[in-house]
Amino acid sequence: MSTLLESIFSVEFFFAVLRVSTPLIFPALGVAITAMSGNINIGLEGIMLIAAFTGVIVSIYTESLMLALLAGVASGVFFGAALGYFHLKLKADIILAAVALNFLASGLTIFLLIVITGGRNTSALRSLTFPSFNIPVLQSIPVLGPILSGHNIMTYVAFLSVFVYYVVLFKTPLGLRIRAVGQNPDAARSVGINVDRVKLYALMISGVFGALGGLYLSMGYVSWFSRDMVAGRGFIAVAAATMGGNLSFGTLLGSMLFGLVNTATIYISSLDIPSDLVQSIPYLATVIVLAIYSARNFAPRKRRAVSTHHGENEHHEKKP
Amino acid sequence: METILSIQNLWKIYPNGTVANQDVSVDIKEGTIHAIVGENGAGKTTLMKVVFGITQAKSGNISLRGKLFAPSQPSEAIDAGIGMVHQHLMLAPELTVAENIVLGVEPKRGGVFFDFDRAVQTAQEISEKYQLAVPVDKPISELPIGTRQRVEILKALYRNAELLILDEPTAVLTPQETEILFQTLDQLKEQGKTIVFISHKLKEVKRIADTVTIMRAAKVIDTKPAAELSIEGIAELMVGHKIDLSRVATPEHIGPAKLSVRNLNMTRDDGVQAVRNVSFEVAGGEILGVAGVEGNGQTELVRALVGLLPVDSGEILVGSTDIAQLSPKDIRQLGVSHIPEDRMEDGVAPLMSIQENIIVDRYEKAEFSTWFRIFWKNVLAHTVGLIRDYRIHAGSPKHEISSLSGGNIQKCVVARELSADPDVVVASQPTRGVDIGSWEHLHTLIVEARNRGRAVFLVSADLDEILKLSTRIIVMFEGEIVARFEDASTVTAQDLGPYMLGIKRQEESSAKVSA
């Protein structure tokens with residue numbers, strides 16, 4: 001046990017936390033921006049998977065990291081837009097549409113993988129990877145340096161994205177409109193804002209974030225694509241963003257909390273505990289954290305809250 | 001005076017066949033306040049929705065300053081200089097006043113970024129120009145309703161509105177706030193703005209309007225200068241027959257207390273104390289009216305009385321039974337019935353039929369069911385009886401209840417609640433959003449319940465209703481009872497106003513446990 005504690009309070013551990021958090025921060029931002037526009041987006045799982053796949057394939061065939069990045073992001077945006085098309089244009093329930101797209105992403109990537117590799121071992125597809133990066137001055141600082149420096153460049157992009165998210169949401173007209181649409185779509189509509197278009201933009205931006213997360217997974221975290229490699233990160237991202245109140249810093253903290261738990265799981269699995277049990281820890285942690293979170297929010301009163309004035313005009317009374 | 005907006009022979013028919021506007025013609029003169037009055041469903045809001053581009057007419061012309069005008073969406077109407085203040089305020093609650101005002105036409109910095117400082121500055125300027133004071137950097141959710149409405153007006157003015165449409169703007173305001181709104185409107189009129197004021201509150205129409213158009217059943221009945229019309233005259237034209245707006249006679253016999261509340265305290269989810277040390281009694285044969293601006297604890301209090309919210313401390317006695325720990329069903333069985341303020345949320349299951357909604361509290365009776373089946377014939381007969389007795393306009397008891405008009409849905413709720421033969425009737429906003437015909441009929445039903453010796457606890461934001469029906473009145477402010485009037489027959493709206501706003505309070509009120 002003491003060796004476990006020692007290894008947890010090591011520089012390597014905290015370095016790993018940042019690494020493991022990266023593919024959570026991206027999709028969590030994607031969830032957060034759609035939530036701000038008033039939609040729940042559980043489609044990040046599929047967006048990540050598609051982008052992870054696209055990136056690997058494009059990098060192998062073009063041997064260009066830049067083209068792989070662009071193609072991956074484009075695939076994510078396309079998926080986000082497709083979700084928007086089903087929900088906003090065809091009026092499908094956004095949860096159902098996202099579930100369908102997640103299945104599509106899973107099936108489609110497996111299918112294409114088999115077509116492309118002819119059923120060979122997936123590790124035959126060696127992807128290009130994003131480079132790691134040492135930060136000049138920072139790396140020489142003791143303790144802090146080894147934790148913060150030497151990460152994959154996408155990890156730094158993830159932290160930068162948190163800032164970008166903040167700027168987009170709170171410092172641009174589009175961000176103001178996204179928030180207005182999320183809080184009271186009728187208010188936005190009454191001043192001539194195209195509500196559906198704003199929601200579509202939010203979904204497309206979430207596609208960008210999700211794609212970056214997926215690209216990091218297959219082209220940084222590892223260097224190949226394997227089936228369903230996103231492994232629930234798109235859903236954990238929903239939890240992380242919700243815990244963070246969909247705000248930039250909160251979403252970052254939420255993602256890193258799950259990153260911390262996942263990393264600890266990796267360390268614990270070196271002990272003599274059945275691995276299946278250990279594997280369940282991150283998911284168990286999600287349930288526990290969400291339970292505590294919602295208990296804190298709703299504990300004092302079990303019965304439903306007194307309704308407030310807004311959000312109530314959903315049920316119009318029909319004229320005779 | 002020049003005609004700014006002219007509507008000629010306008011027809012609007014909804015896809016389900018409802019004729020909302022039938023050959024409607026109205027001229028609105030520039031620089032006047034023009035009231036459009038009528039019952040719910042008379043077509044006045046629809047007419048304005050056509051003008052504002054929310055919906056389109058089937059035939060007929062609208063011209064704005066002599067030019068033909070047919071907006072296909074609100075943004076076209078906004079560009080043409082029309083502003084609309086909707087009944088449900090169209091504001092984003094967590095955004096600041098300034099952000100709400102500039103939303104859609106945001107000032108930019110560097111071409112890309114939202115310039116918050118300039119938004120605040122612009123909002124401040126427009127607020128000063130029209131002398132409508134608002135705290136520009138506060139979020140909407142922190143403001144009282146009257147101020148929120150001012151933000152809505154500023155929103156329209158910021159978009160250079162020359163013609164302002166206000167849809168039932170006073171529905172949620174206190175008499176004092178209403179007066180402030182009216183001063184604002186008068187002032188805007190002096191600055192040359194034209195105002196269309198949709199209402200069914202006749203006193204207010206009389207106070208504010210220069211011209212009145214009366215609509216009934218999708219048609220314009222008459223347009224006249226306000227000076228030539230009396231309140232009774234307008235009411236009669238609106239409904240088509242004489243309306244009794246006077247107070248009901250005080251009850252002849254008041255029995256013992258049937259509902260007693262002692263030292264009740266409640267806390268809201270957000271930790272704010274919603275109800276503070278509230279005590280009162282309601283006796284059989286009387287109506288206790290609760291006046292107050294909405295959101296001062298009335299909603300929570302009512303929900304506690306019917307078992308929908310828990311209390312922190314205090315007693316709620318029905319007869320001599322403390323119901324604080326009982327379930328809503330147990331409380332109903334003790335003879336408490338509930339006419340809820342939000343009928344679509346708490347009063348009915350909107351997608352179920354009328355008869356299903358009627359028997360929801362009584363389906364377990366032997367008359368209607370055994371443990372494995374429901375006797376639909378009996379249910380139908382029972383519902384048909386209630387539809388007749390309560391004068392509900394419904395096609396068939398098997399129709400979905402939400403296919404009825406608001407007034408008739410409310411009559412279904414009232415029919416169910418009063419036919420349960422309760423001892424105590426807890427009625428919250430019983431006539432909200434219903435037309436004056438239903439308003440009058442629902443009042444008759446409540447007074448009949450009172451005359452049969454029921455104890456009626458009436459919460460309403462409609463002061464006319466409180467003053468018309470109440471035997472005694474209490475006023476709530478910030479969860480406390482700040483005033484008690486033992487004889488409601490001498491009380492006026494102006495008497496209640498200062499207490500409702502928290503400007504005045506009776507010294508003894510909170511200490512006194514009502515006799």
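Guide: Let us start with a sheet in chain B, where 4 strands form an open, antiparallel sheet in the order S2-S1-S4-S5. Strands (E, at least two residues) and helices (H or I, at least four) are DSSP runs, numbered from the N terminus, and two strands pair if DSSP finds at least two bridges between them. The model is a predicted one, in which local features need pLDDT of at least 70 and side-chain atom pairs count only at pLDDT 80 or more, while totals for chains, interfaces and linings use all residues. Residues are numbered from 1 along each chain as its sequence is written, and chains are lettered from A and ligands numbered from 1 in the order in which they are written.

Visitor: Which strands stand at the edges of that sheet?
Guide: Strand S2 (19-29) and strand S5 (67-68) of chain B do; each has a single partner strand, so one side of each lacks a neighbour in the sheet. S2(B) is joined to strand S1 (residues 3-13) of chain B by 7 bridges, and the two run antiparallel. Here Ser6(B) is opposite Asp27(B) in S2(B).

Visitor: How many residues lie between the strands in the hairpin of S11(B) and S12(B)?
Guide: There are 2, and Ala217(B) in this hairpin takes a positive phi near 45 degrees. The strands, S11 (residues 211-216) and S12 (residues 219-225) of chain B, pair in the antiparallel sense over 6 bridges. Arg216(B) has Lys219(B) as its bridge partner in S12(B).

Visitor: And how do I read two packed helices?
Guide: They are described by the angle between their axes and the distance between the axes. In chain A, the axes of helix H8 (residues 173-183) and helix H10 (residues 195-221) come within 10 Å and cross at roughly 110 degrees. Axes are lines fitted to C-alpha atoms, for helices over the stretch in contact, with angles from 0 to 180 degrees between N-to-C directions. H8(A) and H10(A) are therefore roughly perpendicular (65 to 115 degrees; under 35 is roughly parallel, over 145 roughly antiparallel, the rest oblique).

Visitor: How many residues of chain B are in contact with chain A?
Guide: 42 residues of chain B are in contact with 29 residues of chain A, contact meaning that C-beta atoms, placed from the backbone, lie within 7 Å. Among the elements giving two or more residues to the chain B side are helix H9 (298-305) and helix H14 (406-419) of chain B.

Visitor: What scores does the model have?
Guide: Its ipTM is 0.80 and its pTM 0.73.

Conventions:
Two residues are in contact if their C-beta atoms, placed from the backbone, lie within 7 Å.
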